[in-house]
Structures are given as C-alpha cells and as structure tokens.
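Please keep the structure open while reading.

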Amino acid sequence: MEAQSLSALPDSLLLHIMTWLPPQERLRGARVCKQWRRLVLDKLLWRHLDLTSYKIPSKVLWHLLRKHLRGNLQTLKAQGSLHSTQKQEAFTPALMQALGKQCPSLHRLCLTKTDLRMVSYSCLPSSLTTLELTCCEIPSLWFQVPEAPQAGQGFPKLQHLIIQNVPAFSNQHLFNIAVQGTLKMLVLSEAYRVTDIGIQRAAPHLGELEHLALCQCSIGDSAAYFIGRHMKHLCHLDLGSSFSLTNTGLSCLSSLPALEELCLESCSGLSSETITAVCQMLPHLKHLDLSGMNLEEEVIHSIKAGLPSCVVANTVSSTDLSVKS
C-alpha cells in the first residue's frame, strides 16, 4: 500500500491538527502548499489563540492582527514582559484599540505578567465579557466608567472577572466594577488589598452574582455578613484560606437559598457543629469542601451524617491539585 501524506486528510481534520500548533508553525505551514496556505487563512483556525507559552514580540502581534485575527478572534490568551529585562510591552493602548475595532467578536481576554499601567480602561475592546488578569499591573482608576461617556466611547460590559495575584487591585477597583451591575462571576485570588470594607461597599451592587471566590483575601465575618445579605443568587461560593472567618460569619451564609457549592478550604476557625447547622439550612447545597481544615475523621463522619444529600470533601490528592492548577 502506498503511504498516505497529510494532504490526504480531510480539511476539517487538518484544521483541527493545526489548532494545536504554535502560531509560528501555523504561519510556516502556509509555505508547504496551496492547500495548507488556504487552511492557514481559514477563519476557524484563528478564533481562539493561546500565546501564553510564547514570547511574542509586538511586530508579530500586529502581523497576526492584520492578516489572520481581523474579524475572527474570539479568545486571546497572552503574556507580557512584566518580569523580563525587556520592558517593552506589546499590549499598548494602540494595540488594544485596534483589537477592539478589528475584532468585534473578541469576548475573552486573558493576560499574564502584563504591565497595563499605561492602558486606560476605555482602550479595552468593548466586546469583552470575560477578563482574566494574572500577575499583572493595573492603573489606580481602572474599571471606572463615567456616567456620561463621550460619543463613540465604549466600555466592556464584563460578566466574568478573574483577578489572580494583581497587587494593585483594591477596594476601589472592586467598587468600580461592581457598580456597573453586569458581573455574574467574580474570582479574587491573593487580592490582599480587598478588605471587609470593600465587600461592604460592593455587595449591594452584586445582587446578580452567581459565582464568587475570595481566596487569600483580607476578609472576615463582616464580608460574610454582606455576602449573605445581598448576594441571593450565588450558586458557588469559595472562601478558601479566609483565616479570619469564624462561626459568626459562617452563620450569615445560611441565608443564601440558591447555594450549591461551598468551599471553606483551610478556614481553621470553624466548628463542625456550626458547619453542619449552616449547611443544613442551605436547601440546594450539593458540594462542601473542607480540605485543609485538619478535622478528625470522627468529626468528618459526623458532618457527612448530618448532610446526607451533600458531597463532603476533606482531602485533596496530588492529582486533584494538578487538575485545579
């Protein structure tokens, strides 16, 4: 039998294979033959672009935008040069504005190690609904939208905001995004400048929130009180490593009627009796995470017995940790 070449595969399968290639390799593939050049220009190949594993210079980003991403891009993941010796950032105000104009379908932007201090919030593509920032720097007035924007000035209507280890993110940033009233999901990890006062100010504007994670933040019982008072649509709540949370604060969460998942990982200041009593008052609770609380086996059995309709997790294996990461 004659050996079959890649060109013998259907175009749909070749496109799927090309999605796993780095952008540089995709562009080089266009030189193989006319068929591959046609496939590299296909819109499907450039809908979701992950550049986080590569150091892409500004010239390459502009080339991709002009030749391949225009009108196609829906998801963009990339890293900047925040901790590099070369401080020239590819994500300038000009590039952000060009993404907004030429990629009207761009709804998810994930940036890592990117310095955004020179980029105003109004420069972000107005089509964004999901923004993820990891180890980034942001300006002090970010997420602020004027009451009367200038003509032609658009701002993102974010539904999902994920902030991980962004040192500058503060109570004011939280308030600025909360008052827009569009958030459905909010994840704050290692946001040490977010305190109980910030949650108090923002909570009345987060009534439509369905997913909230406050991991390693400077919060305690007061934050739990305002969460329970205002966020009645919460289905998922993660208060992992909130070491200031006590039984008093946990009791405030019993007023969340839609809560299905509750994570109290490493919240060591809680008693098993209060945990059981509060969870019994949550009619839709399906999953309770007590990992890292160093509870005795008898105590775990007691909690499980009191919550027969809920899955109680109290250990995290190395496999689970890798999945979470």
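How many aromatic pairs does a search of the whole structure find? The search finds 6 aromatic pairs. The model is a predicted one.

## Overall build

The chain has 325 residues, and 43% of them count as buried. Its secondary structure comprises 12 helices and 11 strands. The C-alpha trace spans about 70 × 65 × 35 Å along its principal axes.

## Aromatic cluster

One aromatic cluster is formed by Tyr-121, Trp-142, Phe-143, Phe-155 and Phe-169. Back to the 6 aromatic pairs of the whole structure. One of the pairs is Tyr-121 with Phe-143. Their rings are tilted, with 5.4 Å centre to centre and 55° between the planes. The two residues are 22 apart, and the pair links distant parts of the chain. Tyr-121 sits in the loop between strand S3 (108-112) and strand S4 (130-134). Phe-143 sits in the loop between S4 and strand S5 (160-164). Are these two residues buried or exposed? Tyr-121 has a relative accessible area of 3%, so it is buried. Phe-143 is at 0% relative accessibility, so it counts as buried too.

Phe-143 also pairs with Phe-169. This pair is edge-to-face: 6.0 Å centre to centre, 75° between the planes. Again, distant parts of the chain are linked, here 26 residues apart. Phe-169 belongs to the loop between S5 and helix H6 (171-178). Its relative accessible area is 0%, so Phe-169 is buried.

## Helices H4 and H5

Two packed helices are described by the angle between their axes and the distance between the axes. For helix H4 (residues 58-69) and helix H5 (residues 93-102), the angle is about 10° and the axes are 11 Å apart. Angles under 35 degrees count as roughly parallel. Therefore H4 is roughly parallel to H5.

Which residues make the contact? H4 contributes Leu-61, Trp-62, Leu-65 and Leu-69. H5 contributes Ala-94, Leu-95, Ala-98, Leu-99 and Gln-102. By class, the contact of H4 with H5 has 8 nonpolar residues, 1 polar and no charged.

## Helices H10 and H11

Helix H10 (residues 272-280) and helix H11 (residues 297-306) have axes that come within 9 Å and cross at roughly 15°. This angle makes H10 roughly parallel to H11. The crossing of H10 past H11 is right-handed.

On the H10 side, the contact involves Ser-272, Ile-275, Thr-276 and Gln-280. On the H11 side, Val-299, Ile-303 and Gly-306 take part. The residues in the contact of H10 with H11 divide into 3 nonpolar, 4 polar and no charged.

Val-299 is found in helix H11. Its relative accessible area is 23%, so Val-299 is partly exposed. Val-299 and Ser-271 are 28 residues apart in sequence. Their C-alpha atoms are 9.6 Å apart in space.

## Leu-45

Where does Leu-45 lie? Its place is in the loop between helix H3 (34-40) and strand S1 (48-50). Leu-45 has a relative accessible area of 2%, which means it is buried.

Beyond its neighbours within four places in sequence, Leu-45 is in contact with Leu-15, Met-18, Thr-19, Arg-26, Leu-39 and Val-40. Leu-45 and Leu-69 are 24 residues apart along the chain, with 9.4 Å between their C-alpha atoms. Leu-69 is also one of the H4 residues in the contact with H5.

## Thr-75

Thr-75 lies in strand S2 (residues 75-79). At 8% relative accessibility, this residue counts as buried. Which residues is Thr-75 in contact with, leaving aside neighbours within four places in sequence? They are Arg-47, His-48, Leu-49, Leu-106, His-107 and Arg-108.

Thr-75 and Asp-50 are 25 residues apart in sequence. In space, C-alpha to C-alpha, Thr-75 and Asp-50 are 8.0 Å apart.

Note on methods
Residues numbered from 1 in each chain as written. Predicted model: local features only at pLDDT ≥ 70, side-chain atom pairs only at ≥ 80, totals over all residues. Heavy atoms only, no water. Axes fitted to C-alpha atoms, helices over the stretch in contact; angles between N-to-C directions. Helix = DSSP H or I, 4+ residues; strand = E, 2+ residues; numbered from the N terminus. Parallel < 35°, antiparallel > 145°, perpendicular 65-115°, else oblique. Left-handed = near helix turned anticlockwise from the far one by under 90°. Contact = heavy atoms within 4.5 Å. Nonpolar A, V, L, I, M, F, W, Y, C, P; charged D, E, K, R; others polar. Phe/Tyr/Trp six-rings, centres within 6.5 Å; stacked < 30°, edge-to-face > 60°. Buried < 20%, exposed > 50% of the residue type's maximum accessible area, 1.4 Å probe, protein only.
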